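Please report on the fold and packing in this model, with cut-offs stated. Keep it brief.

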Amino acid sequence: MRKTGSIAILGVFMADTSYRAARLPQIGETLPGKSFALGPGGKGSNQAVAAARAGGNVSFLTRLGDDAFADIAFSVWREAGVHPVINPDPDSYTGAAFIFVDDSTGDNAIIISPGAAARIAPVDIWAWAPQIDNADVFVTQLEQPVDAARSGLARARRAGVTTILNTAPATDLSDEMLSLCDYVTPNETEAGQLTGIAVDSFDSARRAGDALLKRGVGAALITLGERGALLHTSEMSEHIPAFNAGPVVETTGAGDALNGGFAVALAEGQSPLDAARFGSATAALSVTRPGTAPSMPKRQEIEAVLVG
């Protein structure tokens, strides 16, 4: 089996507009903010940056508008070492996101508008077939249309490529689509929506994992916030405790960091459990820094956390 560390990620880039404040305003209310930042985001792009900084050979597949936000995308990918494979869409705009960050806790609430990436379609998957077919791991999420994600997973599966679906944002998915996934990586809320099981403990996470296996997935890596993550397969159910890499500054992008790190380790041939630990260490570092893509750690940092 080839293991070259090559990863193809289908997803969305968005320009993140991030506001820190004491709370969200009510309708009709204006509140003073503590700070503002404009930077790169989008789950797929964040995961690509995380994977590239963690040592992966990453191709990122998306659509962009022809505007200043696209310039931000190319700049961050160049710095991280991501190989962009872009279908330009001058009739639309590059996506943007509103991110509210609670100044006291670091928790967040997000509104997304994907723009050109919302027009990604199965026909684009054919254009990106060389990148998908020659990858060790294919990753996608649900910010672009579900039909495109399904087509990408099917293409990768036919080529014998390991498939990861990050089931965010939460939405209903068919058993047919889930059966294309070697791994799904839901958080507690997403696992609950997919299975009908409220995930609020390790026991309920394991029951949700069983339900996901019955729906056709190969394995589930369920993220549990500060409690870590659960890797659940037909052969094992292992809790990965959260790593302590420092004080939490902002949780935005932690799931993307985990997915990027997890993909890198799998692409390098690490065991699923070791890959989950690698992804968890990547996430632990990301939450000690503000922002999304800018918070993604480098390989040597991740390895330092793993060895304690």
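A polar contact is a pair of N or O atoms within 3.5 Å; within protein, one atom must be able to donate a hydrogen and the other to accept it, and residues adjacent in sequence count only if both atoms are side-chain atoms. This is a predicted model: local features need pLDDT of at least 70, side-chain atom pairs count only at pLDDT 80 or more, and totals for chains, interfaces and linings use all residues. Residues are numbered from 1 along each chain as its sequence is written, and side-chain values use heavy atoms, with hydrogens and water left out.

**T163**

T163 is found in strand β9 (residues 162-165). The side chain of T163 reaches the backbone oxygen of L180 at 2.7 Å. T163 is buried, with a relative accessible area of 0%. Buried means under 20% relative accessible area (1.4 Å probe, protein chains only). Contact means heavy atoms within 4.5 Å. Not counting residues up to four places away in sequence, T163 touches F138, L153, A156, R157, L180, C181, D182 and Y183.

**The sheet**

Strands (E, at least two residues) and helices (H or I, at least four) are DSSP runs, numbered from the N terminus. Two strands pair if DSSP finds at least two bridges between them. Nine strands form an open sheet with mixed pairing, in the order β5-β4-β1-β8-β9-β10-β11-β12-β13. β5 (83-88) and β13 (237-240) stand at the edges with a single partner strand each, so one side of each lacks a neighbour in the sheet. β1 and β8 run parallel and are joined by four bridges. A8 stands opposite F138 in β8.

| Element | Residues |
|---|---|
| β1 | residues 6-10 |
| β8 | residues 137-140 |
| α7 | residues 188-195 |
| α8 | residues 202-214 |

N187 caps the N-terminal end of α7: a side-chain oxygen lies 3.1 Å from the backbone nitrogen of T189. Just after α7, G196 takes a positive phi of about 75°. Within α7, E190, A191, G192, L194 and T195 are buried. The buried residues of α7 pack against α8 and β11.

Axes are lines fitted to C-alpha atoms, for helices over the stretch in contact; angles run from 0 to 180 degrees between N-to-C directions. The axes of α7 and α8 come within 10 Å and cross at roughly 50°. The contact is made by A191, L194 and T195 of α7 and A208, A211 and L212 of α8. Helix α8 also lies across β10, β11, β12 and β13, running at about 35° to β12.

Conventions
Buried < 20%, exposed > 50% of the residue type's maximum accessible area, 1.4 Å probe, protein only.
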